[in-house]
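Please look at the sequence and the structure below. This report covers salt bridges, pockets and a surface patch.

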Amino acid sequence: MQQILDNYLNLEIMREAFPEVLRGFWVTVQASIAVIIIGLASGLALAICRCMRNAIIDCVITSYVEIFRTLPQLVVLIFLYFGLPYMGLTLSPFFATVFGLSAVLSAFSAEIFWASIVAVPRGQWEAASALGFKAWRTLTYIILPQAVRLALPLVTNRSIAITKGTALGVALSLQETLGSAQSIMSIKANPSPLTLAAFFYLLFFIPLVAFSRYVERRFSH
């Protein structure tokens, strides 16, 4: 038991590691918030574009969605960080992580939003048309509010699942929570900083999970 405490709950090492892991935690928070905002906004924009019923646009968006829903998140991040420089575009570890995870989230959320738009009864469109509403006005004021309400529980859960991938940024040398903890662990030869990192992850994601459960209950009826 004492060996476990010394290796994983060494308070002295955790105290020394706290400032560095805290700095990494703020990077995790910033990256996660950016991923959620960019991913959901672009996903909704893609779903709206599909409402144009243009075969070419629909094909392009469908291909984008299938590619980023299929590829592992780590593959996307590695391509953006290590592959784009060969094309003359270099991204920092932070932006490569944010843009990579945002692309994955936008693909999933685009499909969820589109399915929600399609799920709104066709009679809503017909009733709005009978009242003299134009198509885009109908979409903006009548269809989208209902579709977003239907999609919220699903996109909330998906957002949490994907933002946990910020830990993959360690593969790009991003000094987020896990990366900071690993750096100190290698210096101290003790995994206690990882325990501290786990605490910070719980501190951030437990409220998000609780919020997702609230959204599910609030909008499931």
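Asp 58 counts as partly exposed, because its relative accessibility is 25%. The model is predicted. Asp 58 forms a salt bridge with Arg 50. Their closest N and O atoms are 2.7 Å apart. Arg 50 counts as buried, because its relative accessibility is 12% and buried means under 20%. The pair does not stand alone. Salt bridges that share partners join Arg 50, Asp 58 and Glu 111 into one network.

**Salt bridges**

A search of the whole structure finds 5 salt bridges.

| Glu 12 | Arg 15 | 2.6 Å |

Take Glu 12 and Arg 15. They are 3 residues apart in helix H2, so about one helical turn separates them. Glu 12 is partly exposed, with a relative accessible area of 40%. Arg 15 has a relative accessible area of 52%, so it is exposed. Glu 20 and Arg 23 are also in helix H2, 3 residues apart, and about one helical turn separates them. Glu 20 is partly exposed at 28%.

Where is space left open? The largest pocket has a volume of about 300 Å³. It is lined by 16 residues. The closest to its centre are Cys 51, Arg 53, Arg 122, Trp 125 and Leu 139. H5, helix H6 (122-130) and helix H7 (135-163) each give two or more residues to this lining. H7 gives the largest share, 4 residues. By class, the lining has 11 nonpolar, 2 polar and 3 charged residues.

The second largest pocket has a volume of about 180 Å³. Its lining has 13 residues, and Ile 36, Leu 40, Thr 156, Ser 159 and Phe 211 lie nearest the centre. H2, H7 and helix H9 (192-219) each supply at least two lining residues. H7 supplies the largest share here, 6 residues. This lining has 11 nonpolar residues, 2 polar residues and no charged residues.

**A nonpolar patch**

Which residues make the nonpolar surface patch? They are Ile 33, Ile 37, Ile 38, Phe 95 and Phe 99, and the patch covers about 460 Å². Helix H2 (11-50) and helix H5 (93-119) each supply at least two of its residues. H2 gives the largest share, 3 residues. Ile 38 is found in helix H2. Its relative accessibility is 35%, so Ile 38 counts as partly exposed.

Conventions:
Residues are numbered from 1 along each chain as its sequence is written. This is a predicted model: local features need pLDDT of at least 70, side-chain atom pairs count only at pLDDT 80 or more; totals for chains, interfaces and linings use all residues. Side-chain values use heavy atoms; hydrogens and water are left out. Patches are made of residues with over 30% relative accessible area and no salt bridge: like charges are joined within 9 Å, nonpolar side chains (Val, Leu, Ile, Met, Phe, Trp, Tyr) within 5 Å. Accessible areas come from the Shrake-Rupley method with a 1.4 Å probe; for residues, only the protein chains shown count as cover. A salt bridge is a side-chain nitrogen of Lys or Arg within 4 Å of a carboxyl oxygen of Asp or Glu. Buried means under 20% relative accessible area, exposed over 50%, partly exposed in between (1.4 Å probe, protein chains only). On a 1 Å grid over the protein atoms alone, a cavity is a set of points where a 1.4 Å probe fits but cannot get out, and a pocket is an open set with protein on both sides within 12 Å along at least five of seven lines; lining residues have an atom within 4 Å of a point. Grid points are joined across faces, edges and corners, and a volume is the space filled by probe spheres set on the points. Ala, Val, Leu, Ile, Met, Phe, Trp, Tyr, Cys and Pro count as nonpolar, Asp, Glu, Lys and Arg as charged, and the others, Gly among them, as polar.
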